[in-house]
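Visitor: Please show me how to read the place where two chains meet.

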Amino acid sequence: MISAYYFGAISLVLIGLYAVLVKKNLLKILVGLSIMETGVNLLLISIGYVSGRSAPILSEGIGPNQAVDPIPQALVLTAIVIGVATTAMALSAAILIYEKYGTLNVEEIRRLRG
Amino acid sequence: MNELLIIIFAPLIAGVLAWWLDVRGIREILGVAGPAVSLSYLVKLYTTIDSGGFVNYTVNLGGFSFNFALTQLSWIFGMIAGVIGLAAALGMASTSKSGYEWLFALMSLTGVLGVFLSYDLLAFFIFWEIMTFGSFMMVLRYNRSASLKYFVLSVIGAYAMLLAIGLIYARVGSFSFVDVYRAFAQDAALGVAGGSTVFSTFDMAAIFGLLLVAFGVKAGLFPLHVWAPDAYSETNQSYTAMFSGVLSKAGVYGFIILYMLMGYRLVSALGTFRGVPSFGYLIAFLGGLTIIVGGLLAALQEDIRKLFAYSSISQVGYVLVAVGVGSALSMEAGVYHAISHALFKGLFFLVVAAIVHRTGKTEFKDMGGLAEKMPVTFAMAFVAILSLAGIPPMVGFASKWLIFEAVISQNLPILGGMVFFGSAIGFVYLIRFTYAVWFGQRPTDLEDTRDAPLPLAIGMGILALLNVVFGIAPGLVAGELNKIIGKEVIGGTIWELDIGVGRYNGLLLTVWLIVGLLIAAIIYFLGAKARRVPVTDTYQSGNPVTMEYNLTIRRDFFRPLREALSFWLGISFDDLYRDVAKATEEFADILRRYVYNGNAQSYAWYLGIILLILAIWGV
């Protein structure tokens, strides 16, 4: 029986992937990217979870052996920041594209065509 | 510095200096000095080689060791390169216009000398590429599309050779000829004894096929010859003397090396056919087709340069037939014809260079009556014509006779027929060159044509002299050839060739020829009534002379032949290769339209699919 965390996280990734692959609106694709990113972050966090342990902050009564794995948390913290930055940049690109082409439909944006 | 390195690199150094200084006069002297230094060192080393010696040298460079060695075989080929290189350089002193040409012409000479003198596969390949690059740059200067065709086919050949070398290295673990030979010989012995061999039959077939393509491209083997007519004709004609005379021999030398290194293993892997190794028979048969195709196409050309380009391909076909048959006699006959081809074809291209240099015209229809205006060049051309046609006492007769004997004595009727046909077609195209260029009416704009410039005439003189000397004294060459095999395959004195089933005495023949000519001269001077023959065109093949069907020696002379062959001429390998190129282009266009379509979402799909495949695969 697969854990609900894994199942949920991978589902989020797949939903995001579906939006990226199928949706024609650029903003919807970006939404899909964000969802995918959330899914990946959730997956990473859930990998580091050890049942019954608390947050990895060294304080009274909580030693290294009573904490969950701290590495995925640091990783995810980085990943969130990167995700926000890429989203912001992609959104600004979307604004520029809309200004230039007057549409957000990816099939009508022809710049990359050879 | 080692003597072998001097031999190899002297032309390149001279070429670089000539290009760098680029002062008219000095660059010509330097350019001629390069091949002269190589040649003199080769001559100097003759005594060592003659006494059964062996000069070798190893350079260690970047973890690789490059072996060079001067054996009897490579000495002979090196001498071909040296002599023709010197003659062609003398020709270039008259016809070249810039330091660029000196640089790359001499670079290709260095490459070909390196190919002949290298004693491991890696050095062989590197010098092979230097040779190709130099000659490619020479053609590029004159004609872009011809050079591209040459380049593409050369690259295919180079990759084929590289793959074959890789296959050999993977199994043998060494590039050195000695180690490779030992490995193949051991393998052959194991194969005969029924043991498990290092190289499987499939390996051998693959290596042979790849090397056939690699050497075949350079030698102009049918159907890989399509680059040669364009490349030979679209460059400095003095350089073509070297290009056709020496560089095509690199392919021939490659086939001989192929025989020497892995002949036994190839026979044990691929079997024999009619008493000849079947791989050799394939080379010989393709060589025979090369003779026929090259000869027929040469007869149909309207451009002198093209005619000799095709004729050169055809003549190298002889060498390949002889090398392919692979008996000791035919091997020697092949090398002999390689020498004589270099001598007469180098001479022919220098003659063409002189004609083009002095008249600026290349087509038969603009020529005529040049024998009076360029007597020296005409004399040289006459020697070359006799030699190519195989008329004693020129060197061309001795070598062709040996090839005929070698092929017949092996009982190979088809190859024999091809070789004989090639000789007949040789007359067909030479007769046209003889009459259309040298005799008949002279067009008025050729009235003030002068004879060949002095350096070019000297270059032609060297080659013409050797054509005659080696024809009258064929034993001079045969004696050296016997040392390759290590026993007396071709007997006789220096004047006479004796191969058991027949003899040819060059001196005796010359004496009788001179006696005959003297008798003819006496009769002529004693009172043959000279009658001035009006210049009329007598060749019509039963067709009425009209303006549309005006077959003169200068225009459309072999049009009936062309019409008879029209079906076969429709099958053009040139077109085939062009179609392949076009199909590739169309395929790329389809890819661009449907796969690389500029839609970022499609690319996301590809990425997803690839990741899925990798996940299923379990990476």
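Guide: Let us begin with polar contacts, meaning pairs of N or O atoms within 3.5 Å, where within protein one must be able to donate a hydrogen and the other to accept it, and residues adjacent in sequence count only if both atoms are side-chain atoms. Between chain B and chain A there are five residue pairs in polar contact, both residues being at pLDDT 80 or more. This is a predicted model, in which local features need pLDDT of at least 70, side-chain atom pairs count only at pLDDT 80 or more, and totals for chains, interfaces and linings use all residues. Residues are numbered from 1 along each chain as its sequence is written, chains are lettered from A and ligands numbered from 1 in the order in which they are written, and side-chain values use heavy atoms, with hydrogens and water left out.

Visitor: How many salt bridges are counted between chain B and chain A?

Guide: A salt bridge is a side-chain nitrogen of Lys or Arg within 4 Å of a carboxyl oxygen of Asp or Glu, and the count between chain B and chain A is zero.

Visitor: What area is buried between chain B and chain A?

Guide: The size of an interface is often given as the accessible area lost when the parts come together. Here the buried area (accessible area, 1.4 Å probe, that two parts lose on being put together, summed over both) is about 840 Å², with 51% from carbon and sulfur atoms. Asn599(B), Gln601(B) and Trp605(B) supply 53% of the area that chain B buries against chain A, more than any other three residues.
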